[in-house]
Amino acid sequence: MRKLILLAGLAFGLSAWAQQPSQGYRNPVIPGFHPDPSVCRAGNDFYLVNSSFQYFPGVPLYHSTDLVHWQQIGHCLTRPSQLKLDGASTWGGIYAPTIRYNDGVFYMITTNVTDKGNFLVHATDPAGPWSEPVWLEQGGIDPSLYFEDGKCWLVSNPSDAIYLCQIDPTTGEQLTPSKPIWTGTGGRYPEGPHIYKKDGWYYLLISEGGTEYGHKVTIARSRRIDGPYTGNPANPILTHINQNAQSNPIQGTGHADLVQAPDGSWWMVCLAFRTFGSQHHLMGRETFLAPVRWDKDAWPVVNADGTISLQMDVPTLPQQSLPARPERTDFDTDTLGHEWVYVRNYHPEDYRLKDGRLCLRATPVGLETTDDSPTLVLRRQDLPNFCATTSLRLRRASAGDEAGLTVYMYEDAHSDIVLRRQADGQTGVTLRHKMGRLTHEEPLATVPSDSYVSLRVEGTPDAYAFSYSTDGRTFRPLGSLNSRYLSTETVGGFTGLMLGLFATSADSSSEAEAQFDYFDYKEAR
Ligand code: 6LW
């Protein structure tokens, strides 16, 4: 009997050991507005890029060794000669990029819908510098590259099909006619194609259904790169449009890319959005990770049932956590971190870091115009619950000059806490909401001119609450906004909410400058 108990104990112990909780991870792996992820591997390192639309620099670039923890190492498009964003809005500028590594060279290919369409840049060091654009002939969006035997193939979607051609990636010259190779399984907008080769098959991964709630990932294969391609009978391989994901807070799963780790395991990165309460989302499309089972000669299976979750209890590569992000930006460095971006073709001369302050020159370009680039520097909202605070003063301001803190989706959708110089020399603080043709402003409160005033926004999935303080301790409420009014479901667009610091002048003769002492951004619970 004792032996039996011992044996049973051993069996229990062994099975508990076999079911050791894996390291697991949380999705999204890159939170906040990070759509259209594409990933490649070089040795033990993974690199990932996202689309960036109207923002400069363009195409954020991340590095990881475990696919779970990603650190931004820069952007691919950092010079005006690589990125023209005249008039670009949330539907303009840079669409889905692809990153590939071949023979010691990194390639990033993308579309600037506001410029001449598809182009690639290349670099030997992914941290840059990246080359000048090499413009390509084949149109459509979501270009991707596939390299084999010294040849370089390009796929994109010039019409409602995926087209393939061979190119010279150095000159951009198209070497073969564009050929349609697959239209997908009938979902609208077949897009986001990537080609991989495995077990003698060419696999063509695409997305269909549009980048909203009906999004899905499908796959086809062929023995020849130019087809004919046969769809997987089990398509879609990832979607949340089905019953098994109807209550999942993650929706819109699509636009995926596959990568194989050094240990042979396969992984998928994709975009999706996190819905809150009444089915709205605020932080744009984010980057998610899923394990993929891909047996020899078989079709790939994403996370067993083609859905993903916030908490992923699966084995991962050995995880390397990153240092915690500082909550305070003191502006005591020579340059801003990679997380800060500008809108359109920005004017570097309007931004100065000096004596621990970020100084913004007020110009007559308002936040609501697409004609030019306002003095506005932003970072992504990547926490559902946060508190952001800044402290600023207006210098040399005339009547109507203003500066402040904005919760910004794009020029037609933002809420701003504004510090404004009045005609009588006093300074007012107010809250202004801009929703398309509707502008609403709360009554002004008066604050001391020339001294620092703290402005704060606290965000939850339901509301943004705005307040100010003249002593940095006691905050007085200015008002709040139901977050739904700034959500993608309400205002549309391809981007997500950003937190921005801005300065605008009433006329071009103004010499006003806003001096920001710090920017705090912390998780609130
Ligand atoms: C992108 C397309 C898409 O180019 O949305 O989600 C477009 N997929 O593939 C803009 O991000």
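**Exercise 1. How much space lies in the largest pocket, and which elements give two or more residues to its lining?**

The structure is a predicted model, in which local features need pLDDT of at least 70 and side-chain atom pairs count only at pLDDT 80 or more, while totals for chains, interfaces and linings use all residues. Residues are numbered from 1 along each chain as its sequence is written, and side-chain values use heavy atoms, with hydrogens and water left out.

Step 1. A pocket is an open set of points on a 1 Å grid over the protein atoms alone, where a 1.4 Å probe fits, with protein on both sides within 12 Å along at least five of seven lines, and its lining residues have an atom within 4 Å of a point. The volume is the space filled by probe spheres set on the points, which are joined across faces, edges and corners. The largest pocket holds about 1,600 Å³ of space.

Step 2. Its lining has 45 residues, and Pro 31, Trp 70, Leu 322, Arg 325 and Asp 382 lie nearest the centre. Two or more lining residues come from each of β1 (25–26), β6 (71–77), β25 (328–329), β29 (375–380) and β40 (513–523), where strands are DSSP runs (E, at least two residues) numbered from the N terminus. The most come from β40, with 3 residues.

**Exercise 2. Describe the surroundings of the ligand and its polar contacts.**

Step 1. Counting residues with a heavy atom within 4 Å of the ligand, 13 surround it, and Asp 36, Asp 142, Thr 211, His 255 and Arg 285 are the closest.

Step 2. For polar contacts, taken as pairs of N or O atoms within 3.5 Å, a polar side-chain atom of Thr 211 lies 2.7 Å from a ligand oxygen, and one of Arg 285 lies 2.8 Å from a ligand oxygen. A ligand nitrogen is 3.2 Å from an N or O atom in the side chain of Glu 191.

Step 3. The ligand taken alone exposes 290 Å², of which the protein buries 98%, with areas from the Shrake-Rupley method and a 1.4 Å probe.

Note on methods
A polar contact is a pair of N or O atoms within 3.5 Å; within protein, one must be able to donate a hydrogen and the other to accept it, and residues adjacent in sequence count only if both atoms are side-chain atoms. Helices (H or I, at least four residues) and strands (E, at least two) are DSSP runs, numbered from the N terminus.
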